[in-house]
Every structure is written in C-alpha cells, then in structure tokens.
Amino acid sequence: GVICPEPFALTSSETCVVKYPDTVVDIVDPDLPPYSVIYPGPTLTTFPQQTIVGSTALFDIRNLLGSRGSHGVRGMCGS
C-alpha cells in the first residue's frame, strides 16, 4: 500500500501587445521650410507562457489559485 500523490500541471499563455510611442524628427534645411517626419512606434506582440508542474503532496492547489479564479496563474505583460 504505497500512496502516491496526484501530479498536476498548470499552464497559461496569453497575448501581450506593446505599442511604443511614435518618434518625431524635425528636419531643418536652409533651403526649405522646416518640417517634421513621424516614424510610427513599433508594435511588439509576444506570447508569454508559464507552466507550473508539481505534486499535490507539496501544497493545496487552491492555495496557489487563491482568488485569481479558474484561470490560475497568468503571466504579466513585459515580465
């Protein structure tokens, strides 16, 4: 009668979109009136992922989820 703890795995994957501000460059040419060029800021899209694998013998899974709901662990954008 050896009792083995139940394994578990939690995973999350979410889209993280970061839009950087535009860059404005002022051009001054002695022969022309001054003007500005706007370079649109880049938009970066990543897919942060997080996986937790463990055993229910180590801790109660409800303590890990806490009040975060059924989705459990979520990655933070930019982390």
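Which side chains meet in a salt bridge? In this predicted model, select Lys 19 and Asp 22: their side chains form a salt bridge, with a distance of 3.4 Å from N to O. The structure holds one salt bridge. Colour the pair by accessibility next. Lys 19 is partly exposed, with a relative accessible area of 49%. Asp 22 is likewise partly exposed, at 44%.

Pro 42 sits in the loop that runs between strand 4 (35-39) and strand 5 (43-46). What does Pro 42 contact, leaving aside its neighbours within four places in sequence? The partners are Val 18, Lys 19 and Tyr 20; Lys 19 is also a member of the salt bridge with Asp 22. Pro 42 counts as partly exposed because its relative accessible area, 46%, falls between the limits of 20% and 50%.

Is Gln 49 buried or exposed? Gln 49 is exposed, with a relative accessible area of 64%. With neighbours within four places in sequence set aside, Gln 49 is in contact with Ser 12 and Ser 13. The C-alpha atoms of Gln 49 and Ser 13 are separated by 4.5 Å, although the residues are 36 apart along the chain.

Zoom out and switch to a cartoon of the whole chain. The protein chain has one helix and six strands. Traced from the N terminus, the order of elements is β-β-β-β-β-β-α. Among contacts between residues at least 6 apart in sequence, 66% join residues at least 24 apart.

Of the 79 residues, 13% count as buried.

Finally, colour the chain by pLDDT. The mean for the protein chain is 74, and 67% of its residues reach 70 or more. Select residues 67-79, where the pLDDT is below 50; beyond near neighbours in sequence, this stretch has 16 contacts in the model.

Terms used: Residues are numbered from 1 along each chain as its sequence is written. This is a predicted model: local features need pLDDT of at least 70, side-chain atom pairs count only at pLDDT 80 or more; totals for chains, interfaces and linings use all residues. Side-chain values use heavy atoms; hydrogens and water are left out. Helices (H or I, at least four residues) and strands (E, at least two) are DSSP runs, numbered from the N terminus. Buried means under 20% relative accessible area, exposed over 50%, partly exposed in between (1.4 Å probe, protein chains only). Contact means heavy atoms within 4.5 Å. A salt bridge is a side-chain nitrogen of Lys or Arg within 4 Å of a carboxyl oxygen of Asp or Glu. pLDDT is the predictor's confidence in each residue, from 0 to 100.
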